[in-house]
Amino acid sequence: MITVETFNTHREASSALNDRTRFLAGGTLLMRDVNYAVPGIEHIVRSLEPLRTIRSEGDSVFIGAAATMLDVINARETAFLAPVSRAVGGPAIRNMATVGGNLFAPSPFGDFTTALLALDATIHFADGRQEEIETFLAQRDSGRRIVTAISVAPPLSGSFLFSKISRTKPKGPAILSIAVRLPSGGQEARIAFGAMGPTPLRAKAAEAALSRTRIDEQGIAPVIAVATEGLAPADDALASQWYRRQVAPVHLKRLLLGGQR
Ligand SMILES: Cc1cc2nc3c(=O)[nH]c(=O)nc-3n(C[C@H](O)[C@H](O)[C@H](O)COP(=O)(O)OP(=O)(O)OC[C@H]3O[C@@H](n4cnc5c(N)ncnc54)[C@H](O)[C@@H]3O)c2cc1C
């Protein structure tokens, strides 16, 4: 039997976490696991704290962990992330799926997190601590800490590109997703891939090549040549790891030369 406990705040809920406990957000993945009786879930905690606010503060935008994909689409402050949110599931999923839950979504999910990785987002936890997203992803564990917010510096106009490749459009899961922040105005180049590893991963060799080139067919050739270095795609029902490695450079090239899709 699974027990459910409701707390007033995320901080209180986090005190009840252990390795058999899960925090319930939108439930689009967790309730599926519960329905399929996935082992290891004995206790579910939830919080009544309304953490859906999206606001600008200084140079950053703060997105509450409970903000849904639809909230992101509707908020002026997150207009740069609206195309990414629109790529997550269909309307019913976007209405439930939270930004916090996406951080823990296993591959091939995690399109929104791929974008946050390319934007060097910071993850804020219920215990008041914070962590860079790359560090967080390297050791993520959904039974350990509760995320309360994400903060991210909006990219300069025209410098953020995102593409999701799926077999069924518009709402199929990703064969891969790509988010790029072009180097400009002091912001460094970032290239992040989703569904090309157990979590979204940065293509660091390609980032280094992108930071010292111009964006045209000849200029980006060195970037494309090392596009999949350091990535670790898996075989799944959607595509083999071989296929993912073959098509990732092609789609990165299209994204860089064709702009946002
Ligand atoms: C039909 C379908 C289509 C989908 N399509 C896509 C897609 O196209 N792209 C995509 O990226 N995803 C997709 N998903 C996966 C999922 O809907 C999203 O990743 C969503 O953002 C997960 O958020 P949630 O609030 O529903 O998480 P939940 O299901 O509530 O939780 C998922 C996991 O995250 C943990 N968690 C949630 N919030 C927090 C928090 N604040 N702090 C700590 N741990 C937390 C939970 O404990 C749980 O382990 C799809 C799912 C379905 C069922």
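**Reading the features in turn**

Tutor: Let us begin with Leu81, which is found in the loop between α3 and α4 (82–86). Here helices (H or I, at least four residues) and strands (E, at least two) are DSSP runs, numbered from the N terminus. The model is a predicted one, in which local features need pLDDT of at least 70 and side-chain atom pairs count only at pLDDT 80 or more, whereas totals for chains, interfaces and linings use all residues. Residues are numbered from 1 along each chain as its sequence is written, and side-chain values use heavy atoms, with hydrogens and water left out.

Student: Is Leu81 buried or exposed?

Tutor: A residue is called buried under 20% relative accessible area, exposed over 50%, and partly exposed in between (1.4 Å probe, protein chains only). Leu81 is buried because its relative accessible area is 0%.

Student: Which residues does Leu81 touch, not counting residues up to four places away in sequence?

Tutor: Contact means heavy atoms within 4.5 Å. With residues up to four places away in sequence set aside, Leu81 touches Ile63, Val72, Phe112, Ala115, Leu116 and Leu119. For Arg32, 49 residues from Leu81 along the chain, the separation between the two C-alpha atoms is 26 Å.

Student: Where is Leu48 found, and why is Leu48 classed as exposed?

Tutor: Leu48 belongs to the loop between β3 (43–47) and β4 (54–57). Its class is exposed because the relative accessible area of Leu48 is 53%. Leu48 and His10 are 38 residues apart along the chain, and their C-alpha atoms are separated by 7.9 Å. Apart from residues up to four places away in sequence, Leu48 touches Thr6, Phe7 and Asn8.

Student: With which side chain does the side chain of Asp71 make a polar contact?

Tutor: A polar contact is a pair of N or O atoms within 3.5 Å; within protein, one atom must be able to donate a hydrogen and the other to accept it, and residues adjacent in sequence count only if both atoms are side-chain atoms. In this structure the partner is Arg52, whose side chain lies 2.8 Å from that of Asp71 in the polar contact. Asp71 is in helix α3 (residues 69–74) and counts as buried, at 18% relative accessibility.

Student: How many aromatic pairs does the structure hold?

Tutor: Rings of Phe, Tyr and Trp (its six-membered ring) pair if their centres lie within 6.5 Å; planes under 30 degrees apart count as stacked, over 60 as edge-to-face and the rest as tilted. The structure holds 2 such pairs. Phe104 and Phe136 have ring centres 5.4 Å apart and planes at 90°, so this pair is edge-to-face. Because Phe104 lies in the loop between α6 and α7 and Phe136 in helix α8 (residues 133–138), the pair ties together parts that are 32 residues apart in sequence. Phe104 is partly exposed, at 22% relative accessible area, while Phe136 is buried, at 3%.

Student: How are the rings of Phe125 and Phe136 arranged?

Tutor: Their centres are 6.1 Å apart and their planes are at 45°, so the pair is tilted. Since Phe125 lies in strand β6 (residues 122–125) and Phe136 in helix α8, this pair ties together parts that are 11 residues apart in sequence. Both Phe125 and Phe136 are buried. Ring pairs link Phe104, Phe125 and Phe136 into a cluster.

Student: Which residues line the largest cavity?

Tutor: On a 1 Å grid over the protein atoms alone, a cavity is a set of points where a 1.4 Å probe fits but cannot get out, and lining residues have an atom within 4 Å of a point. The lining consists of Phe104, Phe125, Phe136, Gln139, Arg140, Asp141, Arg144 and Arg145.

Conventions. On a 1 Å grid over the protein atoms alone, a cavity is a set of points where a 1.4 Å probe fits but cannot get out, and a pocket is an open set with protein on both sides within 12 Å along at least five of seven lines; lining residues have an atom within 4 Å of a point.
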